[in-house]
Amino acid sequence: MRAMTRADVDAVLAIEQAVQRFPWTRGNFTDALDSGYLCRVDEAENGGIRGYAILMPAADDAELLNIGVSRAEQRKGLGRAMLAEMLTAVRARNMRRVFLEVRPSNAAAIALYRSAGFGEISVRHGYYQNASGSEDALVMAHEVCKMTGESNG
Ligand SMILES: CC(C)(COP(=O)(O)OP(=O)(O)OC[C@H]1O[C@@H](n2cnc3c(N)ncnc32)[C@H](O)[C@@H]1OP(=O)(O)O)[C@@H](O)C(=O)NCCC(=O)NCCS
């Protein structure tokens with residue numbers, strides 16, 4: 001994976017609109033870039049973007065805000081590989097935990113997160129708005145590492 005740039009936003013947005021039921025807007029992606037979030041893309045050898053992931057670092061924790069894989073590249077291990085790379089980046093920054101919110105109806109994403117070591121910690125009722133009202137969010141977390149220099153006892 002490499003850092004996402006503004007030049008990637010068209011390609012990323014095209015994937016987002018094709019694979020997400022409630023896609024981010026162009027502004028969401030440019031805001032994430034402008035805010036200095038960890039924005040990464042996976043690029044094929046021919047230069048096409050296959051996937052992307054966005055992580056918002058906080059002090060000790062980070063939140064995975066978005067991850068997507070183009071329809072044609074799904075179920076080939078790319079989502080798992082990108083998530084692993086994001087977790088490595090979190091570990092390298094000495095952050096302790098990664099949180100994320102996911103729709104309970106998003107079985108593919110939940111299965112991916114569970115297989116990467118995320119566990120469910122709570123439910124946010126009515127967190128997502130959609131055409132038929134609202135949907136809860138499942139909050140998941142992954143303990144990544146202990147801070148260096150932390151006392152053991
Ligand atoms: C979620 C997503 C990123 C997974 O990417 P992917 O590259 O297809 O995932 P992988 O091939 O690495 O699969 C990893 C694991 O996730 C789970 N998984 C992925 N797709 C799945 C599906 N359609 N149904 C059930 N489980 C699925 C499986 O446990 C899979 O492991 P396995 O193939 O060994 O069974 C992809 O489906 C996607 O882009 N979805 C739309 C966007 C989205 O919902 N993002 C998350 C919320 S922001």
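Modeller: Leucine 55 counts as buried because it has 24 C-beta neighbours inside 10 Å. The rule behind that word is simple: a residue is buried if 20 or more other C-beta atoms, placed from the backbone, lie within 10 Å of its own, exposed if 12 or fewer, and partly exposed in between. Do keep in mind that this is a predicted model, in which local features need pLDDT of at least 70 and side-chain atom pairs count only at pLDDT 80 or more, while totals for chains, interfaces and linings use all residues. Residues are numbered from 1 along each chain as its sequence is written.

Leucine 55 belongs to strand β3; strands (E, at least two residues) and helices (H or I, at least four) are DSSP runs numbered from the N terminus. Setting aside neighbours within four places in sequence, leucine 55 is in contact with Tyr37, Leu38, Ala62, Glu63, Leu64, Leu65 and Met86. Contact here means that the C-beta atoms of two residues, placed from the backbone, lie within 7 Å.

Beyond residues up to four places away in sequence, methionine 86 touches Leu38, Ala53, Leu55 and Leu64. Met86 is one of the buried residues of α3, together with Gly79, Met82, Leu83, Leu87 and Val90. Looking down the axis of α3, its buried residues fall within an arc of 140° (taken from the directions from the helix axis to the C-beta atoms), so they line one face of the helix. On the other side of α3, Thr88 and Ala92 are exposed. The buried residues of α3 pack against β2, β3, β4, β5, α4 and β7.

As a general background, nonpolar side chains tend to be buried together in soluble globular proteins.

Helix α3 also takes us to the ligand. Of the 21 residues around the ligand, Gln74, Gly79, Arg80, Ala108 and Leu112 come nearest; a residue is near if its C-beta atom, placed from the backbone, lies within 6 Å. The elements giving two or more residues to this shell are β4, α3 and α4. The largest share, six residues, comes from α4.

Arginine 75 sits in the loop between β4 and α3, where it is exposed, with 9 other C-beta atoms within 10 Å. Arginine 75 has a positive phi of about 65° although it is not a glycine. Asparagine 94 lies in the loop between α3 and β5, and asparagine 94 is partly exposed, with 14 other C-beta atoms within 10 Å. Its phi is positive too, about 60°, although asparagine 94 is not a glycine.
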